[in-house]
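Here is a briefing on selected features of one chain. Please keep the model open beside the text.

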Amino acid sequence: PSRTMGVDWDKYNKDGHGCNIVILEAVDGGGYKLIYREEIPQSEFTLTNAVNRVEQLNEIWEPRWIYCDRGYGESQIEELQVRGKKNRGSGLDKKVIGIAFNEAVECPMPGGGVQKKIFKQVMVSVLRGWFERKQINIAKNDGILYKQLTEYHVIGESERNIKFSSKNDHLIAAMG
């Protein structure tokens, strides 16, 4: 099965959340299933614990890609890639990819051509599309994820940017 891991790094977030790790698995018909999620609690060594856990989960679930939030995770991304160079069989040096939510990415446009858009906007649009087309399967009893999804909203908009709520959005960021 094709799996992807997403990681949102947080150490001392004001809303009390630590690092969040999500694993999605592609399912027949073009959809995805959330098969695993975990929050690394805030502690003295939250980021080190999260790096260690990503390495462990890589061995267990064998994801094809591991996408990590670069905003607070540049050093952790490097550490995972260094570990991958030391242990070539892990694939961490190739599959760990850093993404900055504020970076511009090229998006194909209907009718041809590409347009640069902010990654976080693209991520939210893709996730919204998956939910609208019922292409993502999440546990119905996951109250924490449902709360984050229902409380996530646009708080401001300009000609070039959409600002989303940033409180309790860590699972959404990891899933996206």
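Aspartate 169 counts as buried because its relative accessibility is 8%, where buried means under 20% relative accessible area, exposed over 50% and partly exposed in between (1.4 Å probe, protein chains only). The model is predicted: local features need pLDDT of at least 70, side-chain atom pairs count only at pLDDT 80 or more, and totals for chains, interfaces and linings use all residues. Residues are numbered from 1 along each chain as its sequence is written, and side-chain values use heavy atoms, leaving out hydrogens and water.

**Aspartate 169**
- Aspartate 169 sits in the loop between strand E10 (162–164) and helix H6 (170–175). Helices (H or I, at least four residues) and strands (E, at least two) are DSSP runs, numbered from the N terminus.
- Beyond its neighbours within four places in sequence, aspartate 169 contacts Lys120, Gln148 and Tyr152. Contact means heavy atoms within 4.5 Å.
- Glutamate 151 is 18 residues from aspartate 169 in sequence, and 8.5 Å away C-alpha to C-alpha.

**Helix H1**
- Buried in H1 are Thr46, Leu47, Ala50, Val51, Val54, Leu57 and Asn58.
- Seen down the axis of H1, these buried residues fall within an arc of 135 degrees, so they line one face of the helix. The arc is that of the directions from the helix axis to the C-beta atoms.
- Glu59 and Ile60 are exposed on the other side of H1.
- The cover over the buried residues of H1 includes strand E1 (3–8), strand E4 (65–69) and helix H2 (74–86).

**Nonpolar cores**
- The largest nonpolar core has 23 residues, of which Val22, Leu24, Leu34 and Met175 touch the most other members. Such a core is a set of buried Ala, Val, Leu, Ile, Met, Phe, Trp, Tyr and Cys residues joined through side-chain atoms within 4.5 Å.
- Two or more residues each come from E2, strand E6 (104–108), helix H4 (119–132) and H6. H4 gives the largest share, six residues.
- A second, separate core of 19 residues includes Met5, Trp9, Leu80 and Val96.

**Positive phi**
- Glutamate 62 is not a glycine, yet has a positive phi of about 50 degrees. It lies in the loop between H1 and E4 and is exposed, with a relative accessible area of 59%.
- Lysine 134, also not a glycine, has a positive phi of about 55 degrees. Lysine 134 is in the loop between H4 and strand E8 (136–137) and is exposed at 74% relative accessible area.
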